Structures are given as C-alpha cells and as structure tokens.
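Please look over the sequence and the model before reading on.

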Amino acid sequence: MEQRTNYADSRQTYFCAYCRGGLGTRDHVPSKVFLDKPYPKNLPVVFACKECNESFSLDEEYIACLIECIKSNSCNVENLERENIKEILSRKPKLLERIKMQTKRGNNYLESELEKNRIKNVLLKLAKGHLLYEFNTPITNEEININYFNLLSLDEVSRLYFEIPPELTKMPEVGCRALGNIYILDEKYFCFNWNIVQAERYRYLTGYNGQFFVRIVIGESLACEAIVTR
C-alpha cells in the first residue's frame with residue numbers, strides 16, 4: 001500500500017483508536033493474521049492502548065482460521081491453503097475443535113454457525129481503525145451499525161452495490177490521508193477506490209455518502225458494511 005502522512009489535527013490521535021483511553025502500543029489495521037507472508041509494506045497503523053491491542057488477538061485468530069476452513073471446505077489442517085493458519089491450528093488443537101463444533105457439513109460445503117459477538121467485535125475494531133487512519137475521525141462502538149455477510153451469497157445487484165464506490169458527498173478534512181485518495185469514477189463523480197491490502201486476503205473501502213462508511217472483505221469471503229450513525 002502507498003503510505004501517506006497524516007497532516008490533519010493530531011489531537012484526534014492522542015488516545016486509543018478503539019476505547020479512547022490511553023496509548024501505549026501501535027496496532028496494524030488489519031491484523032497480520034488475516035495476511036500472508038511476505039507481508040505488504042506500509043501496513044496501516046493506529047495507536048491503541050495495550051489492553052485493547054491484546055484483547056482482539058484471539059477473536060481475530062479465530063475468525064481467520066474459521067474463514068480458511070470454510071473456504072477450504074475442510075477442518076483437516078493438511079487440506080488448508082494458508083500456511084500460517086495451518087501452523088496456528090497445528091499448535092492449538094482446542095481452537096481446531098472449537099471451529100469443528102461451529103461448522104457442519106452439508107451439500108459438499110461447510111456452513112458456519114458464526115459466533116456473532118466475536119465477529120462483530122473484530123469488525124467494529126477494523127472499521128474504527130480504518131476511519132481513524134483514513135479520515136482522522138475517531139468513532140465509538142455506539143456510533144456504528146455493522147452488517148456482515150458471506151460475499152459469495154450476494155445476488156448480482158447486491159454485489160454491484162457493494163463493489164462500486166459510492167459518490168463522495170463531502171470532502172475530507174484538509175490534511176487527512178483520505179484527501180489524497182480521491183479519484184473520479186467514469187468521469188461522473190468523486191469517490192474513493194478499494195484499498196487492496198493484500199490480494200485475495202484483505203481489502204477495504206472508506207467513504208462519505210451522507211454518512212461515513214467502511215466496507216471490508218476478508219479472504220474474499222467474510223464481508224461487512226459499517227455505517228456511522230452520528
């Protein structure tokens with residue numbers, strides 16, 4: 001990814017990106033567990049307190065492993081594609097058993113009974129991190145509505161709506177990273193493009209179309225749209 005310097009009001013980054021508490025660590029958004037080695041250069045980073053940074057790790061690890069098992073249509077470690085997920089599940093048999101308990105086989109594919117709180121917890125974290133990184137805008141949990149789904153389950157119309165960047169209806173704050181990412185779509189309107197953190201692994205789209213929003217796709221499988229309600 002191209003790394004841009006944030007020249008906007010630095011006072012927005014004097015606290016944890018997730019709880020607005022104290023600082024102490026730097027957190028990659030997204031976490032490296034969603035990516036493969038060699039990791040992309042210039043990964044987005046936000047400031048976070050140690051408690052928040054550490055509290056998301058197990059949920060992110062669980063989701064990354066669950067997505068890989070679903071995509072591979074198997075809970076057998078040797079059948080998985082991603083090497084880092086193989087390594088995690090090989091040394092954490094209890095996690096593997098938990099994922100097996102959360103999935104069932106039907107019609108030659110695995111259907112997941114996702115743990116909603118864990119999914120929402122991670123997606124809220126990612127959405128807040130992306131909005132702060134791109135727009136220099138801190139958001140609380142109460143200000144975001146999260147809708148998540150299987151990307152491959154969308155019909156053609158819904159998929160087009162999700163993939164096409166909406167028109168930008170308000171310019172970003174002067175100096176923030178988002179201001180340098182504006183482009184013109186089909187010579188019609190100003191918008192932002194998808195940020196491809198790593199192909200087939202993680203991408204996200206931020207914007208403002210009456211409200212701030214974030215769209216996220218993990219593993220070309222789990223997708224979400226987070227809309228700021230304030």
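Q: Which element gives the most residues to the lining of the second largest cavity?
A: The model shown here is a predicted one. The second largest cavity has a volume of about 30 Å³, and its lining includes Pro165, Pro166, Cys191, Phe192, Leu205 and Tyr208. With 4 residues, the one that gives the most is β9.

Q: How many residues in the lining of the second largest cavity are charged?
A: Among the residues that line the second largest cavity are Glu167, Leu168, Thr206, Gly207 and Phe213. Sorted by class, the lining has 8 nonpolar and 2 polar residues, and the number of charged residues is 1.

Q: What is the volume of the largest cavity?
A: The count of cavities of 30 Å³ or more comes to 2. The largest cavity is lined by Phe34, Ala64, Ile67, Glu68, Lys71, Arg82, Arg201, Ile218 and Gly219. The space that lies in the largest cavity is about 70 Å³.

Q: Which element gives the most to the lining of the second largest pocket?
A: The second largest pocket holds about 210 Å³ of space, and 13 residues line it, with Ile70, Ser112, Leu114, Asn150 and Ser221 lying nearest its centre. By class, its lining has 9 nonpolar, 3 polar and 1 charged residues. At least two residues each come from α2 (57–72), β4 (109–112) and β5 (144–150). The element that gives the most to this lining, with 4 residues, is α2.

Q: Is Met171 buried, partly exposed or exposed?
A: Met171 sits in the loop between α6 (156–163) and β6 (182–185), and together with Val174, Leu179, Ile184 and Phe190 it makes a nonpolar surface patch of about 490 Å². The class of partly exposed lies between under 20% for buried and over 50% for exposed. Because its relative accessibility is 47%, Met171 counts as partly exposed.

Q: Is Lys50 buried or exposed?
A: Lys50 belongs to helix α1 (residues 50–55). Lys50 and Arg26 are 24 residues apart in sequence, while their C-alpha atoms are 8.7 Å apart in space. Since a relative accessible area over 50% is what defines the exposed class, the value of 52% means that Lys50 is exposed.

Q: Which residue is joined to Lys37 by a cis peptide bond?
A: The loop between β1 (25–28) and β2 (45–48) contains Pro30, and the peptide bond from Val29 to Pro30 is cis, with omega near 15°. A cis peptide bond with omega of about -5° also involves Lys37. The residue it joins to Lys37 is Pro38.

Q: What is the phi of Asn42?
A: Asn42 is placed in the loop between β1 and β2, where, at 38% relative accessibility, Asn42 counts as partly exposed. Although Asn42 is not a glycine, its phi is positive, at about 60°.

Methods
Residues are numbered from 1 along each chain as its sequence is written. This is a predicted model: local features need pLDDT of at least 70, side-chain atom pairs count only at pLDDT 80 or more; totals for chains, interfaces and linings use all residues. Side-chain values use heavy atoms; hydrogens and water are left out. Patches are made of residues with over 30% relative accessible area and no salt bridge: like charges are joined within 9 Å, nonpolar side chains (Val, Leu, Ile, Met, Phe, Trp, Tyr) within 5 Å. Accessible areas come from the Shrake-Rupley method with a 1.4 Å probe; for residues, only the protein chains shown count as cover. A salt bridge is a side-chain nitrogen of Lys or Arg within 4 Å of a carboxyl oxygen of Asp or Glu. Buried means under 20% relative accessible area, exposed over 50%, partly exposed in between (1.4 Å probe, protein chains only). On a 1 Å grid over the protein atoms alone, a cavity is a set of points where a 1.4 Å probe fits but cannot get out, and a pocket is an open set with protein on both sides within 12 Å along at least five of seven lines; lining residues have an atom within 4 Å of a point. Grid points are joined across faces, edges and corners, and a volume is the space filled by probe spheres set on the points. Ala, Val, Leu, Ile, Met, Phe, Trp, Tyr, Cys and Pro count as nonpolar, Asp, Glu, Lys and Arg as charged, and the others, Gly among them, as polar.
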